[in-house]
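Please keep the sequence and the structure in view while reading.

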Amino acid sequence: MEKIVYDNQFNGNEWFVIGMAVIGLTAVWLLPRRFSPAHATFNLLIGVTFGLMFDHAIAIPPFDLYDAGDNSTYEWIDLFSYFMYAPFGYLFIYGYERLRMFEIMTVVYILFWALVSIGFEWLAVKAGVFHYKHGYHISYSFPIYLFLMSIHLSLYRMAFSRVRWQSKRSKEV
């Protein structure tokens, strides 16, 4: 496979990744504490995990639908770019808990966050972080975001449901 070079400077795409990670993690740090350390760690790491899993699933052969960074091979900044996903997972669940989502509003909330994610992906494309190939289009990311946020919320509910933990405690007493 031939190496594609999009850029060879430390410029906009690297600053975008650093800026997004710093701004996002600062927002997480400044928000009032709503989660235990286990909750917070789960929500931060799931963003990184999903980013790694799905980026590698569709960005490597046989699909090879996009490249990240300055060229088609991985660099140190590409590894750092996964930290910009961490705050999204945290903020997604933070808003869910803060707004006390229920039933149909949960669907609206997931749709809203999928659109926010598309917006940030669009900014990343404009900054040169992502380079689409083989006919991939940003709109193809929308169902991926819907799927990932639904899975994230389901895993969060399974792991940290207050009803689950309260019913377990009441049985013990």
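With which residue does Asp64 form a salt bridge? The partner is Lys133, and the closest N and O atoms of the two are 2.9 Å apart. A salt bridge here is a side-chain nitrogen of Lys or Arg within 4 Å of a carboxyl oxygen of Asp or Glu. Asp64 sits in the loop between helix H2 (37-59) and strand S1 (66-68), and Lys133 in the loop between strand S2 (130-132) and H6, so the pair ties together parts that are 69 residues apart in sequence. Helices (H or I, at least four residues) and strands (E, at least two) are DSSP runs, numbered from the N terminus.

This is a predicted model, in which local features need pLDDT of at least 70 and side-chain atom pairs count only at pLDDT 80 or more, while totals for chains, interfaces and linings use all residues. Residues are numbered from 1 along each chain as its sequence is written, and side-chain values use heavy atoms, with hydrogens and water left out.

The structure holds two salt bridges. In the other, the side chain of Lys133 meets that of Asp67, at 3.1 Å from N to O. This pair also links distant parts of the chain, 66 residues apart, with Asp67 in strand S1 and Lys133 in the loop between S2 and H6. Are its members buried or exposed? Asp64 is buried because its relative accessible area is 11%, and the cut-offs are under 20% for buried, over 50% for exposed and partly exposed in between (1.4 Å probe, protein chains only). Lys133 has a relative accessible area of 12% and is buried, and so is Asp67.

Turning to the fold, the secondary structure of the chain comes to seven helices and two strands. From the N terminus on, the elements run α-α-β-α-α-α-β-α-α. Residues 24 or more positions apart account for 81% of the contacts with a separation of 6 or more, a contact being heavy atoms within 4.5 Å. The C-alpha trace spans about 65 × 30 × 25 Å along its principal axes.

Of the 173 residues, 40% count as buried. In soluble globular proteins, nonpolar side chains tend to be buried together. The largest nonpolar core has 20 residues, and those with the most contacts inside it include Phe35, Tyr90, Phe92, Tyr109 and Met149. Helix H4 (86-99), helix H5 (103-127) and helix H6 (141-160) each give two or more residues to this core. Apart from it lies another core, of 19 residues, among them Met84, Ala86, Val129 and Phe130. A nonpolar core is a set of buried Ala, Val, Leu, Ile, Met, Phe, Trp, Tyr and Cys residues joined through side-chain atoms within 4.5 Å. Leaving aside neighbours within four places in sequence, Tyr109 is in contact with Leu91, Phe92, Gly95, Tyr96, Leu99 and Met101.

Helix H5 also contains Val108, which counts as partly exposed because its relative accessibility is 42%.

Confidence remains to be considered. The chain averages a pLDDT (the predictor's confidence in each residue, from 0 to 100) of 87, and 92% of the residues score at least 70. Confidence is highest in H5, at a mean of 95, and lowest in helix H7 (residues 162-172), at 54.
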